[in-house]
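Subject: Structure handover

Hello,

Here is the structure I promised to pass on. Please open it first, then read my notes below.

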Amino acid sequence: IKLAVIVFLSMNYLLIIILIDVLVYNTTISSAVHHSRDEMALRLLKRMEEEEGSCSPNIETYAPLLKMCCQKKKMKLLGALLRHMVRNDVSIDVATYILLIRGLCMSGKVEVACLFFEEAMRKGMVPRDSTCKMLVEELEKKGMGEAKLKIQSLVQSKVMMTKSQSPLPVA
């Protein structure tokens with residue numbers, strides 16, 4: 001990985017004309033995170049933004065970085081990345097909400113996971129059953145009965161809403 005990143009970062013100096021696009025950046029950032037090269041991944045994000053042209057970060061750029069923050073309990077960096085996403089007009093999709101909720105639960109940050117869960121539900125994005133179950137179980141382990149009931153109520157209301165919506169009659 002080290003050699004690949006060195007070659008990637010020095011492309012401008014090698015007189016090799018290669019169009020570096022979002023996919024190349026996303027792949028390299030993901031690889032850096034996978035190999036615990038967190039600082040390198042963050043430098044690549046910064047370089048990506050500095051590139052002239054249309055190489056803007058997208059949700060796939062941020063996903064491995066967000067996951068890294070959850071796994072390593074880097075909550076300040078997580079907050080900074082989320083603010084960064086807002087500045088770059090990158091919306092969180094349901095897969096990213098699931099990543100955040102599950103990652104935060106596994107890191108013991110259940111209160112923050114609840115906030116993301118509630119936000120996802122407000123936006124009409126219902127996390128998978130396994131994610132809901134994980135969150136409820138973590139809340140129960142921490143003795144957070146009130147929060148557990150609130151999450152269960154949100155899930156139940158969404159299920160009831162979905163069941164009450166019947167398909168339109170065919171004419």
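Start with the contacts, where contact means heavy atoms within 4.5 Å. Of the contacts in the chain with a separation of 6 or more, 58% are between residues 24 or more positions apart.

A word on the source. This is a predicted model, in which local features need pLDDT of at least 70 and side-chain atom pairs count only at pLDDT 80 or more, while totals for chains, interfaces and linings use all residues. Residues are numbered from 1 along each chain as its sequence is written, and side-chain values use heavy atoms, with hydrogens and water left out.

**The whole chain**

The chain has 9 helices and 0 strands. Here helices (H or I, at least four residues) and strands (E, at least two) are DSSP runs, numbered from the N terminus. The order of elements from the N terminus is α-α-α-α-α-α-α-α-α. The chain has 171 residues, and 39% of them are buried. Buried means under 20% relative accessible area, exposed over 50%, and partly exposed in between (1.4 Å probe, protein chains only). The accessible surface is about 10700 Å², and carbon and sulfur atoms hold 58% of that. Such areas come from the Shrake-Rupley method with a 1.4 Å probe; for residues, only the protein chains shown count as cover.

**Helix H5**

H5 covers residues 75-87, 13 residues in total. From first C-alpha to last, H5 reaches 18 Å, close to the 18 Å expected at 1.5 Å a residue. That expected span is 1.5 Å times one less than the number of residues. Which residues of H5 are buried? They are Leu78, Gly79, Leu81, Leu82, His84 and Met85. The buried residues of H5 pack against H3 (38-50), H4 (59-71), H6 (94-106) and H7 (110-122). After H5 comes Asp89, with a positive phi near 55 degrees.

**H4 and H6**

The axes of H4 and H6 come within 9 Å and cross at roughly 10 degrees. H4 and H6 are therefore roughly parallel, a label for angles under 35 degrees. H4 brings Ile59, Ala63, Leu66, Lys67 and Cys70 to the contact, and H6 brings Thr96, Leu99, Leu100, Gly103 and Leu104. By class, this contact has 7 nonpolar, 2 polar and 1 charged residues.

**Thr131**

Thr131 lies in H8 (residues 129-141). Thr131 counts as buried because its relative accessibility is 0%. Leaving out residues up to four places away in sequence, Thr131 touches Ile98, Ile101 and Arg102.

Best wishes

Methods: Axes fitted to C-alpha atoms, helices over the stretch in contact; angles between N-to-C directions. Parallel < 35°, antiparallel > 145°, perpendicular 65-115°, else oblique. Nonpolar A, V, L, I, M, F, W, Y, C, P; charged D, E, K, R; others polar.
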